[in-house]
Structure formats: C-alpha cells, structure tokens
Amino acid sequence: MMATLLLIPGCSSTTEGAASPGTKTSTTVAAPTTPWDPCTIPDEAVERAGLNVATKESGIFGRDQYGFKICGWEDRPPNNKYYFSIFVGLEGIDYLDDPATFDRLQAVRVGTRDATQYQQVGADASLNCGIAFTEGIQLIRATIITDATVRNPPYDPCMELNSLVAGLDSELPS
C-alpha cells in the first residue's frame with residue numbers, strides 16, 4: 001500500500017516590516033514548582049481515617065526533606081503503635097528504583113489507585129510498610145513505621161497502611 005502526500009501551496013502576502021495577522025494559542029499548563037502539602041488534609045478526614053489529629057507533624061523535625069513535603073500523624077490513643085506519614089515530591093515512580101534505599105517492590109491496588117508497595121532497605125516488614133503512586137508529576141508516598149516498643153503489632157503494617165490511604169483517597173491529589 002502506498003501513501004500519498006498532497007501538498008497544497010497557500011497564498012500569503014505580507015508587507016515587509018508589518019505583522020502578519022494570526023492567532024496564537026497555548027494549551028500549556030504550568031507545572032507546579034512545589035509539591036502539594038499533605039498537611040492540608042482536613043482534620044475531619046484524618047480523624048475518620050483513625051489517626052490522631054493532635055499529633056500532626058509537618059516535615060521531619062519541622063522540615064521538608066529532599067524536596068518532599070511531608071506530614072505525619074500517630075494512630076489514635078490509647079494505641080499509639082505507629083506513625084503514618086505522607087511524602088509528596090516532584091518525582092516519578094522510578095524514584096523507588098534505588099536498590100540502596102528501597103526493596104521488595106510489588107504492584108498493589110490501594111483504594112482507586114495502582115501503587116507500588118515497598119520496604120525501606122533493612123526495615124522489618126512485620127513492623128513497617130510503604131506505598132507509592134504518581135498523580136501527574138507528583139510522587140505520593142505513604143508509610144507506616146511501628147513504634148520501637150511494639151514487638152508484635154495487632155495489625156499487618158501493609159494492610160493497615162493500605163486502609164489508611166484508601167480512607168484518605170478523596171483528599172489526595174487526583
């Protein structure tokens with residue numbers, strides 16, 4: 001089969017030095033220069049998810065890390081068995097491809113999202129878990145880190161994490 005390309009010359013006349021009439025349009029949307037801040041999640045949604053709003057911490061020791069906006073909460077008293085954090089950065093999912101930092105990657109479905117479950121290198125999977133997914137140009141990571149004094153948590157960290165993220169899904173960027 002042969003394709004034929006038909007070129008039709010157009011007529012154009014311009015006066016030297018005069019602007020040509022025309023319309024220029026742009027559909028480019030500016031990309032955000034800073035990540036979405038997970039500390040903007042409403043307290044009511046945090047409470048519904050089973051977290052303690054009084055323990056909200058922005059950043060790690062009050063500071064964002066490595067270009068990520070971070071917010072975290074403890075689970076509700078009297079439990080206080082784990083710390084839940086959300087990290088948002090302008091990265092792709094390939095950020096998790098660093099074998100010096102992340103391992104045990106596997107595809108999972110969390111709420112309405114396809115995500116990657118992971119462990120920090122050296123983390124005890126019976127106590128900690130992480131998931132990540134992208135929304136536009138943002139990488140959203142969520143983690144559960146079980147308190148160091150808890151030896152046998154009454155929950156599976158990944159199942160608990162997935163439940164928390166699914167419960168907060170409507171508050172996350174989409």
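Mentor: Let us begin with a term: a salt bridge is a side-chain nitrogen of Lys or Arg within 4 Å of a carboxyl oxygen of Asp or Glu. This is a predicted model, in which local features need pLDDT of at least 70 and side-chain atom pairs count only at pLDDT 80 or more, while totals for chains, interfaces and linings use all residues. Residues are numbered from 1 along each chain as its sequence is written, and side-chain values use heavy atoms, with hydrogens and water left out.

Trainee: How many salt bridges does the structure hold?

Mentor: There are four. In one of them, Arg 104 pairs with Asp 103, and their closest N and O atoms are 3.1 Å apart.

Trainee: Which residue does Asp 114 pair with?

Mentor: Asp 114 bridges to Arg 109, with 2.8 Å between the closest N and O atoms. Both Asp 114 and Arg 109 are exposed.

Trainee: And what about Arg 113?

Mentor: Arg 113 forms a salt bridge with Asp 169, the closest N and O atoms being 2.5 Å apart. This pair links distant parts of the chain, since Arg 113 is in strand β5 (residues 113–120) and Asp 169 is in the segment after α2, 56 residues apart. Strands (E, at least two residues) and helices (H or I, at least four) are DSSP runs numbered from the N terminus. Arg 113 is buried at 8% relative accessible area, and Asp 169 is buried at 14%. A network of salt bridges links Arg 113, Glu 135 and Asp 169.

Trainee: Changing topic, how many disulfides are there?

Mentor: The structure holds two; a disulfide is counted when a pair of cysteine sulfur atoms lies within 2.5 Å. Counting bonded cysteines along the chain, the pattern is 1-2, 3-4.

Trainee: Which cysteine is joined to Cys 39?

Mentor: Cys 39 is joined to Cys 71, with an S to S distance of 2.1 Å. Cys 39 lies in the segment before α1 (43–48) and Cys 71 in strand β2 (residues 69–75), so the link ties together parts 32 residues apart in sequence. Cys 39 is buried at 11% relative accessible area, and Cys 71 is buried at 0%.

Trainee: Where does the link between Cys 129 and Cys 158 sit?

Mentor: The sulfur atoms of Cys 129 and Cys 158 are 2.0 Å apart. Cys 129 is in strand β6 (residues 128–135) and Cys 158 in helix α2 (residues 157–168), so the bond connects parts 29 residues apart in sequence. Both cysteines, Cys 129 and Cys 158, are buried.

Trainee: What volume does the largest pocket have?

Mentor: Its volume is about 260 Å³. A pocket is an open set of points on a 1 Å grid over the protein atoms alone, where a 1.4 Å probe fits, with protein on both sides within 12 Å along at least five of seven lines; lining residues have an atom within 4 Å of a point. Grid points are joined across faces, edges and corners, and the volume is the space filled by probe spheres set on the points.

Trainee: Which residues are closest to the centre of the largest pocket?

Mentor: Of the 21 lining residues, Tyr 83, Ser 85, Phe 87, Thr 143 and Ile 145 are closest to the centre. Strand β7 gives the largest share of the lining, four residues.

Definitions and conventions:
Buried < 20%, exposed > 50% of the residue type's maximum accessible area, 1.4 Å probe, protein only.
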